[in-house]
Amino acid sequence: MELLERFAAGNLEAFEELFRQHQREVYAWIVRIVRDTGIAEDLTVETFWRIYKCRVRFDPAGNFRAWARRIATNAALDHLRHSRRETDLPEDLPGASAGDPAIRRETRERLKRAFFQLPPKYRLVATLALIEDEPYDAIAEAAGISVALVKVRVFRAVRMLRKNLASLRLEVTTK
Amino acid sequence: MNNGKNEQEIKELLKQAIPPVRDTDLRRDLWPQMHRKLEDRPAPVFTVPWFDWALAAILGAALVFYPGSIPALLYHL
């Protein structure tokens, strides 16, 4: 019996083997969404817990990696929905452009605040597409939505961020 | 200003405000934590909610006491 078949049949050893094979990849995906190592570890365990609970629904002929990523994305999204926690802004930011450092610092702070105020489903795609440079099709597959909807959500997230910055009377241009 | 330029501008500013996560390596094996969770909350293989059992009981009773309802039930299935 193959590993995935044994897992779907409820074999705990098969589940452990799958866990050890995929935990790093699942963690790496989640930490890029939630941006906190401790939370990402907890959500990795939560993801595999959901995977184990839903094992009877898994088709052993299917793609476990894609299925796990979808569940991980949902777990991360649930976390974003229930949390408004912000990550700390590092002192030494990469790629800082020229210009008044005080204005740049304030713009970054305002933008960061606006970003964390985005509705979770927009924040999810914006994080992956705009910050982490994930391809739209990978985001679509992980989130269980179409590529067109990913584009719409990125567009709307950008519009919300611009509006938020504009309302704060900050000019959104790299000086 | 077109959408592409808008997006690119925001993208550059965002990356300055919130840098991409570079260190995505898992530092420890999470299996012990997973194993503890499985022991604390064993996942049920298959459960039927109580109201499904109640519905089945009501339906069964109806079929026993009113056999005439069987054709109507079959028609609506």
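Helix α6 (residues 120–131) of chain A and helix α8 (residues 147–167) of chain A have axes that come within 9 Å and cross at roughly 95°. That makes α6(A) roughly perpendicular to α8(A), a label for angles of 65 to 115 degrees, where under 35 is roughly parallel, over 145 roughly antiparallel and the rest oblique. The model is predicted: local features need pLDDT of at least 70, side-chain atom pairs count only at pLDDT 80 or more, and totals for chains, interfaces and linings use all residues. Residues are numbered from 1 along each chain as its sequence is written, while chains are lettered from A and ligands numbered from 1 in the order in which they are written.

**Helix pair α6(A) and α8(A)**
- Axes are lines fitted to C-alpha atoms, for helices over the stretch in contact, with angles from 0 to 180 degrees between N-to-C directions.
- Helices (H or I, at least four residues) and strands (E, at least two) are DSSP runs, numbered from the N terminus.
- On α6(A) the contact is made by A:K121, A:Y122, A:V125, A:A126, A:A129 and A:L130, and on α8(A) by A:V150, A:R153, A:V154, A:R156, A:A157 and A:M160.
- Residues are in contact if their C-beta atoms, placed from the backbone, lie within 7 Å.
- The residues of this contact comprise nine nonpolar, no polar and three charged; Ala, Val, Leu, Ile, Met, Phe, Trp, Tyr, Cys and Pro count as nonpolar, Asp, Glu, Lys and Arg as charged, and the others, Gly among them, as polar.

**Domains of chain A**
- Chain A is divided into domain 1 (3–82) and domain 2 (101–167), with bounds from an automatic or database domain assignment.
- The C-alpha centres of the two domains lie 25 Å apart.
- Nine residues of domain 1 are in contact with eleven residues of domain 2.
- On the domain 1 side, α2 (12–34) and α4 (64–82) of chain A are the elements that give two or more residues, and α4(A) has the largest share, seven residues.
- That side of domain 1 has four nonpolar, one polar and four charged residues.

**Chain A against chain B**
- The contact takes 41 residues from chain A and 27 residues from chain B.
- At least two residues of the chain A side come from each of α2, α3 (37–53), α5 (101–116), α6 and α8 of chain A.
- The largest share of the chain A side, nine residues, belongs to α2(A).
- By class, the chain A side has 23 nonpolar, seven polar and eleven charged residues.

**Confidence**
- The model scores ipTM 0.75 and pTM 0.75.
- Chain B has a mean pLDDT of 84, and 88% of its residues reach 70 or more; pLDDT is the predictor's confidence in each residue, from 0 to 100.

Conventions:
Contact = placed C-beta atoms within 7 Å.
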